[in-house]
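Please brief me on the local geometry and the pocket of the structure below. Keep it short and grouped by topic.

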Amino acid sequence: MPQQVRGVVALKQGAPVEVVDIVVPDPGPGEAVVRVQACGVCHTDLHYREGGINDEFPFLLGHEAAGVVESVGEGVTGLAEGDFVILNWRAVCGECRACRRGRPQYCFDAHNATRPMTLLDGTPLSPALGIGAFAEKTLVAAGQCTKVDPSVPPEVAGLLGCGVMAGIGAAINTGQVGRGDSVAVFGCGGVGSAAVAGAKLAGAREVIAVDLDDAKLAKARELGATHVVNARETDPVEAIRALTGGNGADVVIDAVGRPETFEQAFYARDLAGTVVLVGVPTPEMRLELPLVDVFSRGGAVKSSWYGDCLPTRDFPMLVDLYLQGRLPLGEFVTETIGVGDVEAAFEKMHHGDILRSVVLF
């Protein structure tokens, strides 16, 4: 039977979110209902509220989540009631041209649930990134559930559902940071700090964190940065070159996503080095670079979508590394909050003094 639960909904563009009753239907074929235990508050949810993603209001927000499978629909295999899972927004189809080429991390036709969750009056909800996890329960495609070791705290596990995975993956998967590499990261919010941790995990010799905020730089040091640069006080390109023998870094990650920072990242890399854009730009932003510099400096310029992750491969591995004490995922949880505190968490994002607020259910 359909269930009535509480959820955080953006009813119209720019308005404060509200905690309302919603209806979660039974899972259909290939679907699962998950009892959400924890969900991080991500900038993407704020973008949805502000209409920066699309205008398909009302939105059921929340997507960076972990919980327990409550029920599964017809045809679901490999997933059962009681499984502890991290939710993901890349449920690979296995059939698109990327999947057929053996590159499912680039799947172009990721699956979502087909049955809508609704308001009490029957108004369909648009779940954020096909998940909608600021709710006591949510309906997703079964492929959006990745089983992991249940001994990891849900507030930690859920972070891999978006921001932390994006940062770690930008370093390990997209940037392919290797042992002995030098790495620079522009922007030390949640994603950038995760890129710092990922670079350290991959064995980078130098990890240079760049930001305008000394508190964020101090946190980056805790997560593995060997050097920090306050770009408000020092030219970051010159500083990175000075720290790398005048050459620039092997891999430079832009976790800000602005033309200014991308240009700095481009010129802060070594010849034949790699630039990775993981910060999300807005549609009106434009970049102008001398084409001869793109040619003559060689190397690679890449974008990193979801850290080029494959959830079934990456989530269990990173959880295991956390449980072994080798990956400090818990350091990203700044505070735990209640379901009614999401709007206040959005406001805190503007002050830049938190990595993640996490809603506990």
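Is Val148 buried or exposed? Val148 is buried, at 10% relative accessibility; buried means under 20% relative accessible area, exposed over 50%, and partly exposed in between (1.4 Å probe, protein chains only).

This is a predicted model: local features need pLDDT of at least 70, side-chain atom pairs count only at pLDDT 80 or more, and totals for chains, interfaces and linings use all residues. Residues are numbered from 1 along each chain as its sequence is written, and side-chain values use heavy atoms, with hydrogens and water left out.

**Val148**
- Val148 sits in the loop between strand 10 and helix 3 (154–157). Helices (H or I, at least four residues) and strands (E, at least two) are DSSP runs, numbered from the N terminus.
- Leaving aside neighbours within four places in sequence, Val148 contacts Phe84, Ile86, Phe315, Pro316 and Val319. Contact means heavy atoms within 4.5 Å.
- Gln4 is 144 residues from Val148 in sequence and 28 Å from it in space, C-alpha to C-alpha.

**Second largest pocket**
- The second largest pocket holds about 320 Å³ of space. Of its 21 lining residues, Gly30, Val76, Ala141, Ala142 and Gly143 are the closest to its centre.
- On a 1 Å grid over the protein atoms alone, a cavity is a set of points where a 1.4 Å probe fits but cannot get out; a pocket is an open set with protein on both sides within 12 Å along at least five of seven lines, and lining residues have an atom within 4 Å of a point.
- Grid points are joined across faces, edges and corners, and a volume is the space filled by probe spheres set on the points.
- Strand 10 (residues 145–147) gives the largest share of this pocket's lining, three residues.
- The lining has nine nonpolar, ten polar and two charged residues. Ala, Val, Leu, Ile, Met, Phe, Trp, Tyr, Cys and Pro count as nonpolar, Asp, Glu, Lys and Arg as charged, and the others, Gly among them, as polar.

**Backbone**
- Phe57 to Pro58 is a cis peptide bond, with omega near 0°. Pro58 is in the loop between helix 1 (43–49) and strand 4 (59–60).
- Gln176 is not a glycine, yet has a positive phi of about 50°. Gln176 is exposed, at 55% relative accessible area.
- Asp308, also not a glycine, has a positive phi of about 45°. Asp308 is buried, at 7% relative accessibility.

**Thr114**
- Thr114 is exposed, at 68% relative accessibility.
- Thr114 and Gly28 lie 86 residues apart in sequence and 8.0 Å apart in space, C-alpha to C-alpha.
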